Amino acid sequence: MTDLSHYRNIGIFAHVDAGKTTTTERILKLTGKIHKLGEVHEGESTMDFMDQEAERGITIQSAATTCFWKDHRFNIIDTPGHVDFTIEVYRSLKVLDGGVGVFCGSGGVEPQSETNWRYANDSKVARVIYVNKLDRIGADFYRVVKQVENVLGANPIVMTLPIGTEDKFVGVVDLLTEKAWIWDNSGDPLNYEIQDIPSDMVEDVKQWRAELIEKAVEQDDDVMEKYLEGEEPDIDTLKRCIRKGTIELKLFPTYCGSSFKNKGVQLVLDAVVDYLPSPTEVNPQPEVDLEGNETGNFAVVDPNRPLRALAFKIMDDRYGALTFIRIYSGQLGKGTNVLNTFTGKTERIGRIVEMHADSREEVESAQAGDIVAVLGMKNVQTGHTLCDPKDPATLEPMVFPDPVISMAVAPKDKGASEKLGVALGKMIQEDPSFRVETDIDSGETILKGMGELHLDIKVDILRRTHGVDVIVGKPQVAYRETITQRVEDSYTHKKQSGGSGQYGKIDYFIEPGEPGSGFVFESKVVGGNVPKEYWPAIQKGFELSMAKGVLAGYPCLDFKVTLVDGAFHAVDSSAIAFEIAAKAAYRQSIPKAGPQLIEPIMKIDVFTPEDHVGDVIGDLNRRRGMIKSQEAGVTGVRIKAEAPLSEMFGYIGDLRTMTSGRGQFSMEFSHYLPCPKNVADEVIKETLERNAKK
């Protein structure tokens with residue numbers, strides 16, 4: 001059995017362009033996994049192996065790899081930073097025990113860093129902070145530390161200080177050992193010397209080390225007591241205290257360096273070993289039964305317990321579908337059968353491989369704590385639990401947000417039509433935030449996703465990876481409908497045509513619900529006027545009708561139906577009669593209840609140089625945006641706002657024009673709000689015309 005205390009399952013996550021992938025490349029080089037460094041800006045990094053990643057210089061899929069450092073095994077997942085792919089970050093964090101949050105030394109805590117940090121907090125993942133790119137103009141380590149405190153509300157414990165800034169950045173001071181690590185300019189990460197602290201930094205080091213000790217001893221009452229009596233703890237005691245604080249999410253050890261210049265990465269690797277938890281030190285995953293109720297049991301990391309594993313990613317490659325699996329307890333062997341609790345079917349484990357970006361090494365078995373990929377699984381999707389067929393249980397499933405944008409695609413010719421279906425099937429399995437529907441009236445294929453870039457890349461993958469040429473329609477916003485007034489009404493469904501008839505009468509009222517409450521059904525019928533066994537049929541009738549609103553056919557949200565009375569016939573009443581009555585009641589009453597069109601509102605985070613703030617705010621106001629806050633930084637201003645998705649198409653192009661190419665923004669779905677009347681009228685008219693053409 002392998003010693004699980006020597007395992008570290010870690011993710012590397014950050015804002016787009018903070019240097020996550022470059023940092024991962026350096027880790028692979030230092031741990032002997034690769035011998036030639038590939039650069040992101042040259043489109044040659046090991047971890048970004050998709051064409052679209054190499055071209056755009058961004059990470060889209062989270063890639064997984066295994067490497068070793070100081071007798072410890074690291075399973076590393078490099079995650080994307082762009083907001084349209086946060087689903088990748090979210091599902092990776094679900095299966096990790098620790099993380100390295102990378103921040104840009106000049107950009108600091110950027111919009112996406114906040115989202116990722118929030119996800120990591122939700123998943124209770126211990127983190128080490130690494131402030132990268134300290135060789136960049138405008139880099140300021142101390143400013144970023146302040147931002148981590150103020151913007152993220154975290155408690156960073158500074159472990160290293162930079163020696164020199166910008167182009168004079170040569171190395172770091174390790175505050176624990178009070179030694180300076182100085183690298184030469186050869187670019188080889190192994191060409192460094194450990195020296196005494198530079199004389200001009202002695203006072204700074206003394207001050208920051210005192211702060212480090214104070215934060216560390218707070219984690220242990222005995223050490224704290226001795227410290228207050230004047231006894232300074234030794235390095236091992238400090239490490240033990242910092243480790244305890246890190247695992248409990250009270251401290252975040254903070255390092256600095258420049259991955260591109262190969263300076264400072266070794267200390268981050270040491271920190272992963274010293275402070276991040278092994279699989280056995282993390283809170284075990286709660287188990288739920290097949291109905292989704294918590295059983296009170298936990299998947300404890302132990303190879304001798306029944307198998308519990310979570311499929312967290314599906315990836316299609318030239319050898320077939322790869323299913324990435326995190327094993328929480330038990331063992332997984334080649335040729336064994338496992339139960340998928342979601343489908344209720346057993347699957348046979350074919351080949352098990354350890355991944356190194358896109359190359360692989362085959363293994364015979366894997367055990368609790370491992371992250372591996374399995375080839376040839378048929379019906380497993382992201383978030384499914386694999387377990388021992390003799391002892392079934394489900395791990396807490398993942399929840400994915402609904403898409404907010406859609407576009408129609410059509411194959412260019414007959415031959416591409418079949419290929420399109422197969423390709424989309426594979427893509428849905430790989431990405432749970434990507435949905436595909438067929439419009440029943442027009443036969444069009446509708447792609448739905450989290451943003452413009454998300455769908456843009458999906459079309460690109462269709463064309464290049466799967467060789468399917470498609471004609472793309474304009475992006476469409478996922479509008480919804482709701483009601484604004486309470487209506488009391490009654491409906492009788494009566495049909496007599498020889499033989500047994502159909503009869504169902506319902507008295508009900510429909511009222512608006514709280515935003516986000518969805519559909520609520522309640523029955524207040526007493527005395528058996530509508531027998532209990534027909535209530536589910538009435539609820540079903542309303543639920544099925546919700547899919548089509550009365551204004552423009554968009555799904556109707558957030559309303560409550562209360563059944564107050566009705567009548568039935570001993571012979572002619574049936575569940576189907578009451579379901580039909582409910583469907584007709586929906587069509588009759590919703591138009592009377594003040595139906596209203598609502599639109600998706602996006603949370604927008606814009607970064608702009610100071611000279612262009614007025615233009616950017618003016619432009620957001622024109623897009624019906626609401627400015628929430630402004631925050632000036634050294635390199636520019638961050639503007640937080642909310643705006644309707646329909647007004648944000650093509651925004652990146654306009655923003656770059658306004659800011660001479662220096663502006664950046666990120667956007668994620670926030671909530672639905674009523675459309676202004678003029679906009680609603682226009683949307684309803686367009687939608688009805690579009691549907692008429694179909």
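Me: A residue is buried under 20% relative accessible area, exposed over 50% and partly exposed in between (1.4 Å probe, protein chains only). What makes lysine 677 exposed or buried?
Reply: Lysine 677 has a relative accessible area of 64%, which is over 50%, so the residue is exposed. This is a predicted model, in which local features need pLDDT of at least 70 and side-chain atom pairs pLDDT 80 or more, while totals for chains, interfaces and linings use all residues. Residues are numbered from 1 along each chain as its sequence is written, and side-chain values use heavy atoms, without hydrogens and water.

Me: Why is the pair of lysine 677 and aspartate 681 called a salt bridge?
Reply: The closest N and O atoms of aspartate 681 and lysine 677 are 2.8 Å apart, and the pair qualifies because the rule asks for a Lys or Arg side-chain nitrogen within 4 Å of an Asp or Glu carboxyl oxygen. Both residues lie in helix 16 (residues 677-693), 4 residues apart, about one turn of the helix. Aspartate 681 has 39% relative accessibility and therefore counts as partly exposed. The salt bridges of the model number 35.

Me: How do you know that lysine 334 and glutamate 364 form a salt bridge?
Reply: Their closest N and O atoms are 3.8 Å apart, so the pair meets the cut-off. The two residues sit in distant parts of the chain, 30 residues apart: lysine 334 in the loop between strand 16 (331-333) and strand 17 (337-340), glutamate 364 in the loop between strand 20 (359-363) and strand 21 (365-367). Lysine 334 is partly exposed at 37%, whereas glutamate 364 is exposed at 57%.

Me: Why is helix 13 given a span close to the expected one?
Reply: Helix 13 (residues 575-589) has 15 residues and reaches 21 Å from first to last C-alpha, against 21 Å expected, because the expected span is 1.5 Å times one less than the number of residues. Its buried residues include Phe578, Glu579, Tyr586 and Ser589. They pack against strand 31 (487-495), strand 32 (502-512), helix 12 (535-545) and strand 34 (559-567). The chain has 16 helices and 38 strands, which are DSSP runs numbered from the N terminus (H or I, at least four residues; E, at least two).

Me: What makes a set of residues the largest nonpolar core?
Reply: A nonpolar core is a set of buried Ala, Val, Leu, Ile, Met, Phe, Trp, Tyr and Cys residues joined through side-chain atoms within 4.5 Å. The largest has 67 residues, and Phe74, Leu161, Leu212 and Tyr255 touch the most other members. Helix 9 (residues 265-275) supplies its largest share, 8 residues. Beyond four places in sequence, the contacts of tyrosine 255 include Val128, Phe141, Met159, Leu267 and Tyr275, contact being heavy atoms within 4.5 Å.

Me: How much of the chain counts as buried?
Reply: Of its 694 residues, 55% count as buried.
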